[in-house]
Amino acid sequence: MLEKALKGGRTYWTWVAALLAVIGIGIACYIYQFFVGLGITGMSRDVSWGFYIAQFTFLVGVAASGVMVVLPFYLHDYKAFGKITILGEFLAIPAVLMCMLFIFVDMGQPLRVLNVLLHPTFNSVMFYDMCVLAGYLVLNILVGWTSLGAERKGIAPPKWVRPFVILSIVWAPSIHTVTAFLYAGLPGRHFWLSAIMAARFLSSAFAAGPALLIILALIVRRYSTFDPGKEAIQTLGKIVTYFMLTSCFFLGLEFFTAFYSGIPGHMQSFIYLYKGLEGHHQLVPLMWFSTILAVVAIGILVFPFLRRNEMILAFAAACVFISLWIDKGFGLIVGGFVPNPFEGITEYWPTTPEFLIAAGVWAIGFLVLTILYKIAISVKEESGGEAIH
Amino acid sequence: MSINRREFFKIAGFAAALGLGGATVAAAVKKEVESSGPYLLDPKGLKAKRWAMAVDMAKFQSDADIQKCIDACHQTHNVPEVDPANPAQEIKWLWTETYEHAFPGNEDEFIAPHYKHLPFLVLCNHCENPPCVRVCPTKATFKRESDGIVMMDMHRCIGCRFCMAACPYGARSFNFRDPRPFIKKELNREFPTRTKGVVEKCTFCYERLAKGVMPACVEVSNGALAFGDIDDPGSDVRKVLDNNFTIRRKPELGTHPSVYYVIGGKEHA
């Protein structure tokens, strides 16, 4: 089926070329980082994880959110999602790939990466994170590719696929739970030491992922003859609405516990992020921008008559995605390191090469996404689009 | 590419010489290794069930006394100096913090001014229950079962910095760049320098203990740093703990630090 990615119009090839250019710049910057070290980033002794790990964290959520279309279709026979399950599965693949690349570019000694396998350490959450991410990648490739292959031939997918589908549904929440455990089990990092961390991760993921899927579905409809369907997009809109509300509610719970208890350690990171701490307030505008986007998005999404207009829905989805990207793909990670264990403050901002490396990884993700979607859509344009199961 | 007969013999001859040379070297190394006998621990090496340290701030006469300990540590372990271009990426094993920063959560507005501005020496706490060891995905940092020292294997560390996020004491530093150009003082050839991309920290001078000498900082501290086996009631560190009121950093986290601080006590009344 890969050959379908090689046939495309002018727009398609321009897009691919643009992505390749960004990837090229990213690789050049990575080579610089490889030889000089992570010193070229904005990270420091105090803020020892930055943009890379934050992107990884956010993208695990995007990967996990594929389950939001797979589950209703396979477990509840929700037919409207039949057309877009493949879009969910094929979104998960580049998302996991980007996660792995972000971990890789964050490593001080990337050539020693296989030490994680050579010396498996069962008390390290990172070991489990690697296992669940790799497993999820394999499951999505297996299920997505097999189902699409069957659809191309106009037959139902082979029976052996179904257990893997069920497994992938159970597996999806696990990848984001384990990712949350990377943070939620660290003593002395008050901002992360919260039992609700995994729940927050999952709810924000199930809002941001489907929000991206809405935008992707609308792009697909515009640039191809395949229509993902009005009903599917509307249902995604409802999913985004409920999970965005849940996500904001969970954040509110964190605020309550921190500020009603009044324990300084629990309040400090929040104060740093939203108000500024001891004269340091670099992230304040960004966090408020995220908050405003969240309010605007919810203000639109909770009214069905607004949500039903696809252009307004797309706008709200973009607000949700950007808002959560700032919150989780930046603030949540950096905020955990401020203040440091001595209650001192070191601020963090990514450097230009660091940002370009991250952009390169995103471009690799979008390139894989483009290729996979191109294949899926070409098959769907021929078959009429309905998956059978 | 084609080569003629002459070139072929030249290359073949060169390769053969190289091979023979290599074999000779290998044989010599083998002979050397065999003749040196099995690797044995130094009989003079110091042993303990669990090493611990007590920092008696009152015994430091001046800031210079404290700096002497820091310099001894950093000199012994080839710790690079701060890169003026990237001060936030510094590497340090032993340094000072004021009371409110060393013991956050215990700070008090009306603490006696003397204690408020005292430069407390801070270092890796060699926790009995170390979070850094718990999170390390490769066992590059591990607790030595024999004596409780939290060790670092710089050759195994992948530089993921999970340990830095996990350490509640900010004891760990990362080599954001190649540290060697920043080692300005004379190099200590007894201790390895590090490469870029690995994490490092105080290791209670395990390499000195193995040779029967006290940690570098303890040696130059004039008794302000008491070091010994906390399981041995007769040890220096136990004598300090038995006769003074001591505190540890963030004991509420359950990490059980092995570094104690004397604040006040008999000699300070």
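Modeller: What follows starts from one residue and then widens to other parts. Keep in mind that this is a predicted model.

Start with Ala63(A). Which residues does Ala63(A) touch, beyond those up to four places away in sequence? They are Ala92(A), Ala95(A), Val96(A), Cys99(A), Tyr136(A) and Ile175(A). Ala63(A) also belongs to the largest nonpolar core, which has 191 residues. Within that core, Ala63(A), Cys99(A), Val240(A) and Val320(A) touch the most other members. Which helix gives the most to this core? The answer is helix H4 of chain A, residues 85-106, with 14 residues.

Helix H2 of chain A covers residues 51-64, and helix H7 of chain A covers residues 161-184. Their axes come within 8 Å and cross at roughly 165°. Angles over 145 degrees count as roughly antiparallel. Therefore H2(A) is roughly antiparallel to H7(A). The crossing of these two helices, H2(A) and H7(A), is left-handed.

Which residues meet there, between H2(A) and H7(A)? From H2(A) come Thr57(A), Val60(A), Gly61(A), Ala63(A) and Ala64(A). From H7(A) come Ala172(A), Pro173(A), Ile175(A), His176(A) and Thr179(A). By class, the contact of H2(A) with H7(A) has six nonpolar residues, four polar and no charged.

A cis peptide bond joins Val338(A) to Pro339(A), with omega about 0°. Glu343(A) lies in the loop between H13 and H14 of chain A. Glu343(A) is not a glycine, yet its phi is positive, about 55°. Is Glu343(A) buried or exposed? Glu343(A) is buried, because 20 other C-beta atoms lie within 10 Å.

Next comes chain B. Trp51(B) sits in strand S1, residues 51-56. Trp51(B) counts as buried because it has 25 C-beta neighbours inside 10 Å. How far apart are Trp51(B) and Gly228(B)? In sequence they are 177 residues apart, but in space they are 5.5 Å apart, C-alpha to C-alpha. Leaving aside neighbours within four places in sequence, Trp51(B) is in contact with His126(B), Asp147(B), Gly148(B), Ile149(B), Phe204(B), Asp229(B) and Ser258(B).

Follow one of those contacts, Phe204(B). Phe204(B) is placed in the loop between strand S7 (199-200) and helix H7 (206-209) of chain B. Phe204(B) is not a glycine, but it has a positive phi of about 55°. Phe204(B) is buried, because 26 other C-beta atoms lie within 10 Å.

Last, see where the two chains meet. The contact takes 34 residues from chain A and 40 residues from chain B. On the side of chain B that touches chain A, helix H5 (131-135), helix H6 (162-166) and strand S6 (173-174) of chain B each supply at least two residues. H6(B) gives the most to this side, with four residues. By class, the side of chain B that touches chain A has 19 nonpolar, 11 polar and 10 charged residues.

Notes:
Residues are numbered from 1 along each chain as its sequence is written. Chains are lettered from A and ligands numbered from 1 in the order in which they are written. This is a predicted model: local features need pLDDT of at least 70, side-chain atom pairs count only at pLDDT 80 or more; totals for chains, interfaces and linings use all residues. Two residues are in contact if their C-beta atoms, placed from the backbone, lie within 7 Å. Ala, Val, Leu, Ile, Met, Phe, Trp, Tyr, Cys and Pro count as nonpolar, Asp, Glu, Lys and Arg as charged, and the others, Gly among them, as polar. A nonpolar core is a set of buried Ala, Val, Leu, Ile, Met, Phe, Trp, Tyr and Cys residues joined through C-beta atoms within 7 Å. A residue is buried if 20 or more other C-beta atoms lie within 10 Å of its own, exposed if 12 or fewer, and partly exposed in between; C-beta atoms are placed from the backbone. Axes are lines fitted to C-alpha atoms, for helices over the stretch in contact, and angles run from 0 to 180 degrees between N-to-C directions. Angles under 35 degrees count as roughly parallel, over 145 as roughly antiparallel, 65 to 115 as roughly perpendicular and the rest as oblique. A crossing is left-handed if the near helix is turned anticlockwise from the far one by less than a right angle, and right-handed if clockwise.
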